[in-house]
Amino acid sequence: MTLFFSFTEYVCKPRCYFFHLWTRSGRSLLLGLVLLLVGLRAEAQKTWTGGSTNWNVSSNWSPAGVPTAADNVVIPSAPANDPIVSTTVVANSVEVQSGASLSITSGGRLQIDESKPISGSTTAFYNVGTVSNQGQIVISAGSFSFGDYGIRNVGTITNRVGGIIAIEKPTNLPNSTCFFNDGGTVANEGQVLLGTAFNSTFPSNSSSYSIRNTGNFTNKTGVLSPLTDPL
């Protein structure tokens, strides 16, 4: 019996291939589906345990190990010590839960590459706690992109003097929002730099603006402007 082999590629993510084994009469003997994980990173979760305030200590995380760009970071409610970022650190996404806080000092840089599904949307930085930034928070730089929201804030964010929040590249245009203050409180004393078509108004019911505000967003001595060059 003579057998013939062929395959067909179907566009999906991950990429899919169907493999067929045929007889001379044209009858298919075998159908197999192979998923090739092309360009995908294996995402894992890292949860803060807070033995100290140092983000870069392996034992402050569960499972142990400092988060990488493939990790979804969770800062849980009321840890023994809240994390402080004083160097460059990375994550796939960051979630700050109610009762937790995250601080970025003037020498710190938090780089968040992509996003994860949470509370009905895909979000790069989801905050229900308290965030204080005097350094840099950079979301979806380079070849990366976030889903629905770069930042979704239900808690409190203070971008202090010298602080930079840069949100670069959404995926779901025209329905992505760079910065969604979802009933939370934002005080901007630094710079908020946005990479989509810039609109500095605060609409209460639109999802297609650079900034969407349904809470208290105060631009004190800060700057809201388009992001012209990646950080």
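User: Where does Asp71 lie?
Analyst: Asp71 is in strand β6, which covers residues 71–75. Strands are DSSP runs of E with at least two residues, helices are runs of H or I with at least four, and both are numbered from the N terminus. Keep in mind that this is a predicted model: local features need pLDDT of at least 70, side-chain atom pairs count only at pLDDT 80 or more, and totals for chains, interfaces and linings use all residues. Residues are numbered from 1 along each chain as its sequence is written, while side-chain values use heavy atoms, with hydrogens and water left out.

User: Is Asp71 buried or exposed?
Analyst: Asp71 is buried. Buried means under 20% relative accessible area, exposed means over 50%, and partly exposed is in between (1.4 Å probe, protein chains only).

User: What is the nearest side chain of opposite charge to Asp71, and how far away?
Analyst: That is Lys46, 4.9 Å away. Asp71 has no salt bridge. A salt bridge needs a side-chain nitrogen of Lys or Arg within 4 Å of a carboxyl oxygen of Asp or Glu. For charge, Lys and Arg count as positive, Asp and Glu as negative, and His and the chain ends are not counted.

User: What lies 2.8 Å from a polar atom of the Asp71 side chain?
Analyst: The backbone nitrogen of Thr68 does.

User: And which residues does Asp71 touch?
Analyst: Leaving out residues up to four places away in sequence, Asp71 touches Ala44, Lys46, Val66, Ala91, Asn92 and Ser93. Touching, or contact, means heavy atoms within 4.5 Å.

User: Back to salt bridges. How many are there?
Analyst: The count is three. In general, side chains of opposite charge can pair when their charged atoms come close.

User: Take Lys116. Which side chain does it meet in a salt bridge?
Analyst: Lys116 meets Glu95, at 2.9 Å from N to O. Lys116 sits in strand β12 (residues 116–118) and Glu95 in strand β9 (residues 93–96), so distant parts of the chain are linked, 21 residues apart. Both Lys116 and Glu95 are buried.

User: What about Asp182 and Arg152?
Analyst: Their side chains also form a salt bridge, 2.9 Å from N to O. Asp182 is in the loop between β19 (177–181) and β20 (185–188), while Arg152 is in strand β16 (residues 149–153), 30 residues apart. Asp182 counts as partly exposed because its relative accessibility is 21%. Arg152 counts as buried, at 12%.

User: Which residue does Glu189 pair with?
Analyst: Glu189 forms a salt bridge with Lys220, and their closest N and O atoms are 4.0 Å apart. Glu189 is in the loop between β20 and β21 (191–194), and Lys220 is in the loop between β23 and β24 (223–226), 31 residues apart. Glu189 is partly exposed at 21%. Lys220 is exposed at 52%.

User: New topic. How many helices and strands does the protein have?
Analyst: Zero helices and 24 strands.

User: What is the strand order in the open sheet of six strands?
Analyst: The order is β7-β10-β14-β17-β20-β23, and the pairing is parallel. β7 (84–85) and β23 (216–219) are at the edges with a single partner strand each, so one side of each has no neighbour in the sheet. Two strands pair if DSSP finds at least two bridges between them.

User: How many bridges join β14 to β17?
Analyst: Four bridges join β14 (residues 130–133) to β17 (residues 156–159). Thr130 stands opposite Thr156 in β17.

User: Where is Gly162, then?
Analyst: Gly162 is in the loop between β17 and β18 (164–167). Gly162 is exposed because its relative accessible area is 54%. Apart from residues up to four places away in sequence, Gly162 touches Gln134, Gly135 and Gly190. The C-alpha atoms of Gly162 and Gln191 are 7.5 Å apart, though the two are 29 residues apart along the chain.

User: And Ala166, buried or exposed?
Analyst: Ala166 counts as buried, at 0% relative accessibility. Ala166 is found in strand β18.

User: Last one. How much of the protein is buried?
Analyst: Buried residues make up 45% of the 231 residues.

Technical notes
A polar contact is a pair of N or O atoms within 3.5 Å; within protein, one must be able to donate a hydrogen and the other to accept it, and residues adjacent in sequence count only if both atoms are side-chain atoms.
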